[in-house]
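Q: I would like a close look at a single part of this structure. Please keep it brisk.

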Amino acid sequence: MELAIGIILGCCALGAGLCTGIGAIGPGVGEGNAVSKACEAIGRQPESKGAVTSTMIMGCAIAETTGIYSLVISILLIFVAPNILTNILVNAISSLL
Amino acid sequence: MTKKNRSFIALDVLLIVLTLLPIVAVLILKVLTNVPSEGISITGARVFFTLPLPLGGLPITESQINSAAVILSLFFLCLYMTHGIAERPNTRRQLLVEWVVEKTESMVSDSMGSFFAGYAPFIAAILALSALSSLMSLFGLYPPTSDINIVAGWAILVFILITYYKLKGGLGNYLKGFTEPIFIMTPLNILGEVATPVSMAFRHYGNVLSGSVIAVLIAAALQGLSSLLLGWLPGVFGEIPFLQIGLPAILSLYFDLFSGCMQAYIFAMLTMLNISGGFPEDEYERRRQKKLLKKQQKTKTND
């Protein structure tokens, strides 16, 4: 019983870490690309700085979305999932006995 | 001082008090009903009571009450700002309000086109509501935007508007739009349609929630660190969480101020882009011309 609960908790923590860790790669690369291109554009046309900057921030925020999704999933895995899974396990075992 | 002036000032003060009152009331409610918790605890919004309704109970939560407080506060703020406006601006607040209105109108007509110029009040309302809701966490209150139900409500409202303006091009064209570019893409297109409000809601909610979760974790970590450093002192001195003073404010600057305002801006921007992007302007114009022509012919035959 303790072993099973331990496995549940460990797997939840492992899943949460992997989720945000892998999920943060995409937005990181994407936002880096966006900012580098924006810098190039500003360097080429310094007078368009305002428009480029606001568009870049907008795009960065949208690129961030997938990272935020993975963050939400890991928050759920850490704070919500262990309780629910442990309750399911306890109920299943008590119904077996 | 004339009598009229005095009553004007009295109304001003009354409106300021009414603006601040909802926030103060929510703060008092929070202090009165707060349950001290041991260690790190991240829970959803607290349920105050449940309204018994025929189709299951309707829980009245902290986020609902907080967002109602924000709405009331904004309402009285608007009344205060527009109190005593004149044709020739003579007060500072009128100039400020005119600047805000002009900025919003130019933003809306820039990104939505002249057809949607009347949408400026709606966009401004969404912006102000979202920004103030997120900024509530500065007072230590539960920000309503970190509850997905509140944000999902706004997203559903936007989704209804998007669909309404897509239907302006005719029901047949709307349904035909799902089979573009080829009919095999229909399931994907339907998914994409549903994904718009879902992604809008999750983006806003996830950003605000992650900010508050990180703030709680940082506060707990700083408490642990300061008790580790000062734990050997006897009595009360060992329990002073001196690292918690001021340091979380730096994080709060990013997560509450910058992220909150940013998300409000993005939500409003996406609302504008989605509503005006889905609107088939050529098709609508064509249908309107046709209708006008028909009307003219009818009046001609009647004559």
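How much area is buried between chain B and chain A, and what share of it do carbon and sulfur atoms give?

A: The model is predicted, so local features need pLDDT of at least 70 and side-chain atom pairs pLDDT 80 or more, totals for chains, interfaces and linings use all residues, and side-chain values use heavy atoms, without hydrogens or water. Residues are numbered from 1 along each chain as its sequence is written, while chains are lettered from A and ligands numbered from 1 in the order written.

Now the area. About 1,300 Å² is buried between chain B and chain A. That is the accessible area (1.4 Å probe) that the two parts lose on being put together, summed over both. Carbon and sulfur atoms give 79% of it.

Next, the residues. Chain B brings 15 residues to the contact and chain A brings 12; contact means heavy atoms within 4.5 Å.

What about links between the chains? There are 0 salt bridges between chain B and chain A (a side-chain nitrogen of Lys or Arg within 4 Å of a carboxyl oxygen of Asp or Glu). The count of residue pairs in polar contact, both at pLDDT 80 or more, is 1 (N or O atoms within 3.5 Å, one able to donate a hydrogen and the other to accept it; residues adjacent in sequence count only if both atoms are side-chain atoms).

On chain B, helix 7 (186-230) and helix 8 (247-278) each supply at least two residues of the side that touches chain A. Helices are DSSP runs (H or I, at least four residues), numbered from the N terminus. Helix 7 of chain B gives the most to this side, with 9 residues. By class, the side of chain B that touches chain A holds 10 nonpolar, 4 polar and 1 charged residues (nonpolar: Ala, Val, Leu, Ile, Met, Phe, Trp, Tyr, Cys and Pro; charged: Asp, Glu, Lys and Arg; polar: the others, Gly among them).
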